[in-house]
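The sequence and structure come next.

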Number of protein chains: 2
Amino acid sequence: MPRINGERLLADLRRLAKFGAYKSGVHRPTFSPQDVEARRWLAGRFTEASLEASIDGIGNVFGRPRASGRKLLIGSHSESQNHAGWLDGALGVIYGLEVARAFREDSRTAGLPVEVASWTDEEGHFGFFLGSRSFIGDVTDEEIDQARDQNDGTPLRKALASAGLAGRKRETIAPADYVGYLEAHIEQGDVLDTAGLRLGVVTGIVGIRQYRIVFTGEANHAGTTRMGRRKDAGLALVKLAAAIADRFPLVSGPGSVWTTGAIRLEPGQPSIVPGRAEMMFQVRDIEAEQLQRFEDTLAALVAEASSAGPCAVAMETLWTVNPVPMSEAFQGALSRAAEKHAPGAFISMPSGAGHDAQILARKIPAGMLFVPSINGVSHHWSEDTAEADIALGCQTFADAAEEIARQGA
Amino acid sequence: MPRINGERLLADLRRLAKFGAYKSGVHRPTFSPQDVEARRWLAGRFTEASLEASIDGIGNVFGRPRASGRKLLIGSHSESQNHAGWLDGALGVIYGLEVARAFREDSRTAGLPVEVASWTDEEGHFGFFLGSRSFIGDVTDEEIDQARDQNDGTPLRKALASAGLAGRKRETIAPADYVGYLEAHIEQGDVLDTAGLRLGVVTGIVGIRQYRIVFTGEANHAGTTRMGRRKDAGLALVKLAAAIADRFPLVSGPGSVWTTGAIRLEPGQPSIVPGRAEMMFQVRDIEAEQLQRFEDTLAALVAEASSAGPCAVAMETLWTVNPVPMSEAFQGALSRAAEKHAPGAFISMPSGAGHDAQILARKIPAGMLFVPSINGVSHHWSEDTAEADIALGCQTFADAAEEIARQGA
């Protein structure tokens with residue numbers, strides 16, 4: 001079996017965390033100077049690991065093996081959310097690098113081709129899984145023309161030019177070249193940490209349905225408009241949100257989650273009865289049927305609210321992501337490796353967060369491994385994972401990678 | 001009795017509405033070029049009406065009588081809310097001008113001194129009743145130093161300098177010089193319009209208590225954070241707002257109003273469980289006891305919510321305005337004039353909106369007259385009042401002004 005070098009792995013993770021270091025985390029948004037520097041550093045590390053390094057026209061960093069045969073692709077993302085954790089994404093990329101190095105250092109695995117990738121913008125600063133979607137051929141030039149940084153409005157084309165990537169070719173997958181895709185990631189929740197478990201074998205990635213619900217009433221003076229004649233869009237919103245909180249637990253699946261993440265009242269002044277209100281509501285579940293059950297329940301609540309009046313209520317589906325099952329065979333390989341390195345201390349679990357693996361899974365079999373997040377913290381600079389868990393996860397991941405890579409040989 | 005000239009009145013109102021004309025309303029925020037121009041135009045009109053015109057160091061426009069004796073002060077404001085109505089404020093200022101002209105044109109009233117004023121920034125672009133509060137000596141130079149335009153951040157000092165008012169003295173009241181203050185205004189609600197009434201004699205101006213309620217939870221990933229362990233500050237807010245909607249009607253007075261005008265979730269992203277939430281909540285009533293009953297109820301709901309958890313809930317009183325009764329004598333004079341010009345078609349009613357009269361009432365007796373707002377529209381460019389109601393209101397106002405002014409003679 002390939003033996004990973006825990007010290008080298010941690011040193012590389014610590015080095016990567018210096019790009020855009022923020023408190024104990026990182027602030028490394030896609031195509032920020034720190035992110036571009038990190039991509040170049042990563043390409044250099046790939047070269048040192050005897051991989052053929054390249055950065056393509058969307059910023060994906062590849063480390064390609066010189067060995068021939070069907071390759072195992074390993075990746076994640078190296079940019080971060082704003083002021084977020086040092087391991088979210090970075091862990092999976094450096095695991096790929098370390099697995100490639102460990103394979104090369106062991107004569108029994110040196111001939112197994114491993115390709116490592118860092119996918120651009122998994123965190124969605126400019127778009128939706130831009131890097132991995134570009135790689136599977138799902139991003140048009142027009143989409144790139146139109147994409148802008150959600151924080152400051154910088155056009156993606158301008159950001160690509162600043163990064164020196166303008167006009168560069170975007171790499172796309174030839175599925176037959178790959179045995180499959182593996183990705184490791186921090187859990188981003190507290191399931192493993194709370195239960196004292198050390199590894200999670202991902203069964204699938206939850207589906208998401210994102211809705212905008214709009215309430216239309218009548219803006220008016222908050223002092224002179226009597227209660228009985230108000231059409232208060234904010235109050236209509238509050239009542240629907242409260243009804244969701246009452247009703248959804250009754251139709252929930254075991255792992256379902258639902259969230260009202262944003263509310264806006266218009267005009268949003270203390271002395272004006274809101275004339276329009278808007279909420280962003282999201283449901284996630286691993287089962288498509290459960291997502292539909294939620295949607296039906298929501299639609300019924302919206303219809304009830306709208307017909308009860310006095311405000312009109314309308315819902316709109318902003319986007320939908322179907323649940324994506326991980327390869328059974330890859331789950332098996334990951335579970336066997338986990339049983340060896342953490343007997344009784346791992347579980348199979350769905351991923352509540354989205355990952356590049358769900359994009360790659362459209363073209364090739366995919367699998368994912370989770371390591372614990374301390375206290376389940378995610379998307380915050382205080383996110384962390386115990387060093388022992390980082391090392392254990394990588395060794396487990398390397399063992400599973402070997403088993404899977406051998407299928408391609 | 002002084003006879004007002006309805007055509008001249010309407011012509012001046014239409015002329016004033018040309019400064020910052022927006023659709024059928026006006027956009028004339030305090031110290032916008034259009035507002036400054038309007039103030040200068042107004043000063044010119046005062047001069048033409050044989051009043052001594054001046055604009056003081058806060059922008060208040062005065063038209064002072066040459067006649068001696070205790071003066072009746074008549075005023076309102078000439079700036080507007082953003083994209084708002086043509087009569088809100090302007091009506092009361094032009095009524096003052098027309099009453100002064102009508103008095104002068106009748107030998108029986110020509111000796112009664114009427115002073116007309118347009119108070120700066122009643123609409124609160126830079127502060128809280130800046131002009132009328134400055135006139136009663138309630139605004140310090142430090143407050144002016146610190147005030148900024150709430151829309152674009154322009155310092156008030158800069159706006160005053162642009163208007164050519166830097167370094168100019170601010171006028172302050174000598175209460176003994178005045179018999180009292182009268183103000184006419186559109187109702188801004190639909191009480192008169194709905195009941196087919198033509199005049200409202202204001203009994204008092206409601207008190208307001210404005211609260212900020214803050215919910216503190218824990219921001220986390222909306223996909224990976226299980227429902228049971230969430231500390232969703234947005235959900236805590238929704239539940240409290242729904243509880244207010246259930247509970248407040250049970251403890252309400254007949255004319256009470258309450259409003260949640262603004263809600264903010266943080267970070268306000270669809271895929272993040274809100275970690276902090278904030279709502280602006282306001283109550284208004286003409287009775288101080290009722291305001292206190294609301295505050296006690298709110299405090300109890302906040303305490304219940306906070307102790308039930310999982311989020312901490314805290315309330316803070318941002319500002320308080322006590323209810324201000326209008327002078328009984330002035331109500332009597334206005335009612336007698338109303339009975340004469342609109343027998344059976346007027347009522348006594350509180351004002352749900354704030355007005356400069358509540359500031360002047362701290363120093364001298366004050367009274368107010370309302371004319372109907374069509375459909376109760378307020379703070380919107382479509383606000384309007386029938387021309388016949390505008391003229392009738394002014395004649396009624398002039399008659400009451402005569403009766404009151406004679407008390408000073």
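## Domains, sheet and contact between copies

The domain assignment of chain A gives domain 1 (6-206 + 323-408) and domain 2 (207-321); such bounds come from an automatic or database domain assignment. This is a predicted model, in which local features need pLDDT of at least 70 and side-chain atom pairs count only at pLDDT 80 or more, while totals for chains, interfaces and linings use all residues. Residues are numbered from 1 along each chain as its sequence is written, and chains are lettered from A and ligands numbered from 1 in the order in which they are written.

The centres of domain 1 and domain 2 of chain A, taken over C-alpha atoms, are 36 Å apart. In the contact between them, 6 residues of domain 1 of chain A meet 10 residues of domain 2 of chain A (two residues are in contact if their C-beta atoms, placed from the backbone, lie within 7 Å). The side of domain 1 of chain A that touches domain 2 of chain A has 3 nonpolar, 3 polar and no charged residues. Here Ala, Val, Leu, Ile, Met, Phe, Trp, Tyr, Cys and Pro count as nonpolar, Asp, Glu, Lys and Arg as charged, and the others, Gly among them, as polar.

In chain A, 4 strands form an open antiparallel sheet in the order β11-β13-β9-β14. Its edge strands, β11 (257-266) and β14 (312-321) of chain A, each pair on one side only. Neighbouring strands of this sheet are turned by 15 degrees against each other on average, direction ignored. Helices (H or I, at least four residues) and strands (E, at least two) are DSSP runs, numbered from the N terminus, and two strands pair if DSSP finds at least two bridges between them.

The sheet of chain B also has 4 strands, in the order β11-β13-β9-β14, with antiparallel pairing. There, β11 (257-266) and β14 (312-321) of chain B each have a single partner strand, so one side of each is left without a neighbour in the sheet.

| Strand pair | Sense | Bridges | Residue pair |
|---|---|---|---|
| β11 and β13 (276-285), chain B | antiparallel | 9 bridges | B:Trp258 and B:Val283 |

Helices lie on these sheets. Helix α8 (233-247) of chain A lies across β9, β11, β13 and β14 of chain A and runs at about 20 degrees to β13(A). In chain B, helix α9 (288-308) lies across β9, β11, β13 and β14 of chain B, at about 165 degrees to β14(B). Axes are lines fitted to C-alpha atoms, for helices over the stretch in contact, and angles run from 0 to 180 degrees between N-to-C directions.

How are the two chains related? Chain A can be laid on chain B with an RMSD of 0.0 Å by a turn of 180 degrees and a shift of 0.0 Å along the axis. The two copies are thus related as by a two-fold rotation axis. Copies are superposed by least squares on the C-alpha atoms of residues with pLDDT of at least 70 in both. A:Val238 is the residue of chain A that comes closest to the axis, at 2.7 Å (C-alpha).

The contact between the chains takes 44 residues from chain A and 44 residues from chain B. On the side of chain A, the elements that give two or more residues are β10 (220-221), α8, β11, β12 (272-273) and β13 of chain A. The residues of that side divide into 18 nonpolar, 20 polar and 6 charged. Of the interface residues of chain A, 100% are also interface residues in chain B, so the copies meet through the same surface.
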